[in-house]
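Please examine the sequence and the structure shown below. The report that follows begins with one local pairing and then turns to the chain as a whole.

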Amino acid sequence: MIMSATLIVLDLSSNALVGELPLVTGSCAVLDLSNNRFEGNLTRMVKWGNIEYLDLSQNRLTGPIPEVAPQFLRLNYLNLSHNSFTSPLPKVISQYPKLRVLDLSSNQLDGSLLTELLMSPTLQEIHLENNLLNGAIEFSPPSTTQSNLQVIDLSHNQLDGFFPGRFDSLSGLQVLHLAGNNLSGSLPSSMADMSSLSSLDLSQNHFTGPLPNNLSESIGSFNVSYNDLSGVVPENLRRFPTSSFYPGNNRLRLPAVPPGSNNLPGRNSGRRPINTIVKVVVIVACVIALIILIMLAIFILYIRMRRNPPGQVTNKGIRRHTQTNPSGTSRTGSGGALIVSAEDLVASKKGSSSEIISPDEKMAAVTGFSPSKHGHLSWSPESGDSFPAETLARLDVRSPDRLVGELYFLDDTITMTPEELSRAPAEVLGRSSHGTSYRATLDNGVFITVKWLREGVAKQRKDFSKEAKKFANIRHPNVVGLRGYYWGPTQHEKLILSDYISPGSLTSFLYGKILIF
């Protein structure tokens with residue numbers, strides 16, 4: 001409550017005040033509570049008095065506007081816009097003897113427009129846009145008093161009927177906005193008598209017929225688009241841009257259009273759509289041609305990859321090197337380590353008919369765990385070749401490329417980077433229906449088992465991650481501990497990292513028998 005007997009002006013606008021409106025306002029003559037978060041209705045206004053300026057706009061007030069008048073005999077400014085008031089306009093508004101500005105815009109007010117408002121001797125501005133007002137615009141019977149209205153904004157309601165001919169009696173009217181309604185009929189020639197008019201917006205209605213001649217030269221803003229007007233635009237209105245008349249008004253002509261202008265008169269209206277259609281066709285044709293070229297390039301690449309399978313290149317690029325063991329002796333032949341350089345692979349590819357390196361070949365040159373179905377760098381999941389236990393397959397990688405996927409660890413027992421995994425020597429252990437297992441030797445000498453999963457075995461990434469975490473939580477003497485996994489960018493780059501069990505397979509570990517593959 002505002003109890004002060006000396007407070008005349010109270011401005012609390014643009015804050016974050018909440019709750020309901022005050023019960024009393026004391027001696028306040030100017031009360032501005034706009035742009036806050038006040039809720040409730042206006043029933044508390046019954047005990048307010050001496051208010052001359054009241055602004056409650058941009059709040060969360062609801063309900064009807066009460067029929068209270070005695071305490072607002074001095075009110076000259078009332079702004080209740082941008083709230084959620086409902087019900088028809090209260091008749092008491094037209095009875096405020098000193099009210100000059102009335103703004104009830106952007107609410108949910110319905111019903112018809114009060115006829116007394118348009119002939120009020122004190123009102124200068126009426127803002128009722130963005131509501132649900134309906135019915136025709138009617139004036140009260142003529143009286144001896146003259147209206148002082150300067151601004152009327154009834155746009156974006158549901159008003160219907162014809163354009164009132166008595167608007168010309170509002171000699172001081174400067175702004176008239178009736179856009180976004182359902183008004184129809186022709187525009188009366190008496191509009192020429194509205195000599196003070198500076199802004200006229202009649203767009204988005206259903207007006208027909210010609211535009212009135214000799215409208216006021218003082219009009220600076222004019223819009224009659226989205227109607228059904230016809231005829232020729234009067235000469236004094238041709239100074240306005242095309243957007244003042246079009247879209248809409250297909251039968252309205254704007255003569256004397258300079259060549260190359262953006263106007264849409266009746267004679268030249270057929271030429272612009274043709275130019276627009278040509279532009280659209282050219283753009284669409286270019287897009288289709290680009291798509292065809294991309295598909296053709298993909299098809300050619302696919303054909304070349306089919307004609308030059310990765311196994312052919314890999315066989316040409318394999319070289320056996322003599323490697324010295326820690327004891328100082330050299331060994332060669334099938335029992336030695338198979339060393340393949342990424343440079344060798346690229347060089348061999350250059351000697352072929354195609355210089356395109358397939359993804360499988362690149363993967364074989366980057367890591368010791370080859371996804372190739374036909375390559376002999378290592379044992380892939382689909383390969384049926386077998387290697388002696390002593391054979392160690394690794395790559396002497398001089399290319400900057402490495403495993404480009406993501407390596408995840410399920411505990412902190414081991415840590416490494418994808419680069420370290422890519423250069424780790426790999427020894428084939430065996431294979432199953434799910435893929436091929438390798439023994440990888442890390443830089444610190446630790447052995448881990450890496451299973452290269454067969455393509456199509458791994459689920460979606462999210463489900464695969466959940467399953468991997470479940471297996472990592474299993475602790476049992478006869479279950480190998482899962483330590484991490486690698487998720488590559490392609491379908492065949494899925495690895496599982498687990499503890500290395502020595503010697504031999506699970507069968508030899510359980511039954512003491514060594515199986516020779």
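## A pair of strands joined by a hairpin

In this predicted model, Leu 482 has Ser 498 in strand β30 as its bridge partner. Leu 482 lies within strand β29, which covers residues 482-487. Strand β30 comprises residues 494-499, and five bridges hold β29 and β30 together in the antiparallel sense. Between β29 and β30, the chain passes through six residues, forming a hairpin.

## The other neighbour of β29

Strand β29 also pairs with β25, which consists of residues 406-409. The strands β25 and β29 run antiparallel and are joined by four bridges.

How many of the six residues in β29 are buried? Six of the six are buried, and the strand is accordingly described as mostly covered. In a regular strand, side chains alternate between the two faces of the sheet.

## Cysteines

A disulfide is a covalent bond that links the sulfur atoms of two cysteines. In this model the count of disulfides is zero.

Is Cys 28 buried or exposed? Cys 28 counts as buried because its relative accessibility is 0%, and the cut-off for a buried residue is under 20%. Cys 286 has a relative accessibility of 49%. Cys 286 therefore counts as partly exposed, since a residue must be over 50% to be exposed.

## The chain as a whole

The secondary structure of the protein chain consists of seven helices and 30 strands. The chain has 517 residues, of which 43% are buried. Its accessible surface amounts to about 27,400 Å², and carbon and sulfur atoms account for 55% of that area.

Contacts within the chain can also be described by separation in sequence. Of the contacts between residues at least 6 apart in sequence, 43% join residues at least 24 apart.

## Confidence in the prediction

The mean pLDDT of the protein chain is 77, and 74% of the residues reach 70 or more. Over residues 258-272, the pLDDT is below 50, and this stretch has 17 contacts in the model beyond near neighbours in sequence.

Methods: Residues numbered from 1 in each chain as written. Predicted model: local features only at pLDDT ≥ 70, side-chain atom pairs only at ≥ 80, totals over all residues. Heavy atoms only, no water. Helix = DSSP H or I, 4+ residues; strand = E, 2+ residues; numbered from the N terminus. Buried < 20%, exposed > 50% of the residue type's maximum accessible area, 1.4 Å probe, protein only. Contact = heavy atoms within 4.5 Å. Areas by Shrake-Rupley, 256 points an atom, 1.4 Å probe, with all protein chains shown as cover. Disulfide = S-S within 2.5 Å. Pairing = 2+ DSSP bridges. pLDDT = per-residue confidence, 0-100.
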